[in-house]
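User: I am new to this structure. Can you show me how to read it?

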Amino acid sequence: MQTRGKSSISKPKVFTASRIPTTLAEALANPHWNSAMSDEVLALARNATWTLVRLPPGRRAIGCKWVYREKQNMDGSVYRYKARLVAKGFHQQPGFDFTETFSPVVKPITIRVVLTMALAQGWAIRQLDVNNAFLNGDLQEEVYMTQPPGFEVPTAPDLVCKLHKALYGLKQAPRAWFDKLHQSLLHFGFTSSKADQSLFICHTQHSITIVLVYVDDILITGSDANAITQLIQALDKKFSLKDLGELQYFLGIEVRYTSQGMHLSQEKYAKHIEF
């Protein structure tokens with residue numbers, strides 16, 4: 001999410017053919033994508049995302065698929081190959097493997113009010129990104145899924161994955177993640193605003209700390225820089241974070257700091273949707 005500096009010389013944008021694999025066989029044959037998929041499976045195993053079991057009578061296992069993405073530098077070169085295992089949530093049945101799915105996100109008016117307050121008070125605004133946020137959510141329902149394509153256990157091909165943690169693609173995944181983060185922030189002394197459930201506030205005798213949550217994007221500001229740092233460290237122990245530093249780009253809005261304050265722009269977003 002971090003923005004990169006623009007070159008002083010404008011260069012025409014070069015479009016190249018997509019290098020994203022279109023079939024599983026193609027991905028497995030490519031060392032970069034094969035390694036990316038292996039890393040994803042290992043990360044899911046470390047997170048105890050599922051256990052292999054026999055499918056209970058009367059239940060159906062939902063499918064899953066691989067989604068590939070290249071993360072590129074400004075010049076178009078690839079700096080990371082990302083393979084994500086996604087559950088086929090459209091196979092889920094209401095009342096069997098999911099119930100509630102709604103997950104709140106911070107309101108635009110709340111963001112503007114908090115940014116205005118931070119500027120007026122001279123507070124720093126820190127931005128965090130949670131790695132694989134949805135994988136932290138605990139499932140309350142029984143959900144069964146087929147084994148990852150290309151990574152089935154050879155000695156147990158008939159077994160299915162009983163999910164313990166949420167997975168991208170599940171209908172309840174956003175809600176499960178928000179509930180997990182919500183409980184953690186409450187444990188750290190925060191309260192959720194009645195006006196906006198994604199606004200969390202912690203008052204002490206000496207400081208105030210404010211947290212805004214939009215799925216896996218988090219903004220933190222407040223009157224005490226040490227309190228903010230301690231909160232980031234506590235969250236990083238609980239979840240895997242990327243500390244993006246000072247706010248630069250959030251929900252399609254580019255932030256530039258000027259002598260008059262803060263300039264918000266959607267230039268990058270507008271150029272992206274032109275094509």
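User: What does the accessible surface of the chain come to?

Analyst: This is a predicted model, so read every value as computed from it. The accessible surface of the chain comes to about 16,000 Å². Carbon and sulfur atoms hold 54% of that surface.

User: How many helices and strands does the chain have?

Analyst: The chain has 6 helices and 14 strands. Take α5 as the worked case. Helix α5 spans residues 225–238, which is 14 residues. From first C-alpha to last, α5 reaches 20 Å, close to the 20 Å expected at 1.5 Å a residue.

User: Which residues of α5 are buried?

Analyst: Start with the general idea. An α-helix has 3.6 residues a turn, so residues three or four places apart point the same way. Now the case here. Ala227, Ile228, Leu231, Ile232 and Leu235 are buried in α5. They cover an arc of only 140° around the axis, so they sit on the same side of α5.

User: Which residues are exposed on the other side of α5?

Analyst: Asn226, Gln230 and Lys237 are exposed there.

User: Which residue caps the N-terminal end of α5?

Analyst: Asp224 does. One of its side-chain oxygens lies 2.9 Å from the backbone nitrogen of Asn226.

Key:
Residues are numbered from 1 along each chain as its sequence is written. This is a predicted model: local features need pLDDT of at least 70, side-chain atom pairs count only at pLDDT 80 or more; totals for chains, interfaces and linings use all residues. Side-chain values use heavy atoms; hydrogens and water are left out. Helices (H or I, at least four residues) and strands (E, at least two) are DSSP runs, numbered from the N terminus. Accessible areas come from the Shrake-Rupley method with a 1.4 Å probe; for residues, only the protein chains shown count as cover. The expected span of a helix is 1.5 Å times one less than its number of residues. Buried means under 20% relative accessible area, exposed over 50%, partly exposed in between (1.4 Å probe, protein chains only). The arc is that of the directions from the helix axis to the C-beta atoms. A polar contact is a pair of N or O atoms within 3.5 Å; within protein, one must be able to donate a hydrogen and the other to accept it, and residues adjacent in sequence count only if both atoms are side-chain atoms.
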